[in-house]
Amino acid sequence: MRIRTALATGLGAAAAAVVGTVASKPNIDTWYAGLDKPRYVPPNAVFPIAWTSLYATIAWTSAAAIDRLRANGRDAEAAAYGRALATNYVLNGAWSWVFFKGHRLPAAAVVAAVLAASSADLTRRAASADPKLGAALAPYPAWTSFATVMSADIARLNR
């Protein structure tokens, strides 16, 4: 794996994590704690563990996929993957701002759904570079789809 590619995907993941944390951290023990939530919502301690694992996987698999595409002369696909990844990172950070900072629950459910679709697209792109990379990234759209359901249910319960 090229260091430059890994650095770029890793910095993107770190930026998305920081942007999301800035919006969410001050609101978790206050505003979020007062929301009605479905029984299946995991304890707060699960989220940083899940997201840290996902961000590491996104960065690693994306770097490997981009490098594989380039190595196979598929430069246009590698560039498109990079743009799709950047969009995904923006959506990822944006959700926290819409949900935690903006308190716009229905809008956050929509952002979560778009993020889930973007995550599925990244997984498809990674799989086209190497099926093993697609399999490694598959938990990401699964988690964001789960997050979409959670967001929608929280919005519904807190109308």
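Q: Which residues does Y140 touch, not counting residues up to four places away in sequence?
A: Contact means heavy atoms within 4.5 Å. Y140 touches W51, L54, I58, N88, N92, L115, S119 and L122. This is a predicted model: local features need pLDDT of at least 70, side-chain atom pairs count only at pLDDT 80 or more, and totals for chains, interfaces and linings use all residues. Residues are numbered from 1 along each chain as its sequence is written, and side-chain values use heavy atoms, with hydrogens and water left out.

Q: Which residues have the most contacts inside the largest nonpolar core?
A: A nonpolar core is a set of buried Ala, Val, Leu, Ile, Met, Phe, Trp, Tyr and Cys residues joined through side-chain atoms within 4.5 Å. Buried means under 20% relative accessible area, exposed over 50%, partly exposed in between (1.4 Å probe, protein chains only). Here the largest core has 42 residues, and Y81, F99 and Y140 have the most contacts inside it.

Q: Which elements give two or more residues to this core?
A: Helices (H or I, at least four residues) are DSSP runs, numbered from the N terminus. The contributors are helix 1 (3-28), helix 2 (46-71), helix 3 (75-101), helix 4 (105-129), helix 5 (131-137) and helix 6 (139-157). Helix 2 gives the largest share, 11 residues.

Q: Which residues of helix 6 are buried?
A: They are Y140, P141, W143, T144, A147, T148, M150, S151, D153, I154 and A155. Their cover includes helix 2, helix 3, helix 4 and helix 5.

Q: What span should helix 6 have?
A: The expected span is 1.5 Å times one less than the number of residues. For the 19 residues of helix 6 that gives 27 Å, and its end C-alpha atoms are 27 Å apart, which agrees.

Q: Which residues lie closest to the centre of the largest pocket?
A: On a 1 Å grid over the protein atoms alone, a pocket is an open set of points where a 1.4 Å probe fits, with protein on both sides within 12 Å along at least five of seven lines; lining residues have an atom within 4 Å of a point. The largest pocket holds about 760 Å³ of space. Its lining has 28 residues, with S24, I28, F47, W51 and F100 closest to the centre. Helix 1 gives the most to this lining, with 7 residues.

Q: Which residues lie nearest the centre of the second largest pocket?
A: They are A8, T9, L85, A86 and Y89, from a lining of 19 residues. Helix 1, helix 2 and helix 3 each give two or more residues to that lining.

Note on methods:
Points joined across faces, edges and corners; volume = space filled by probe spheres on them.
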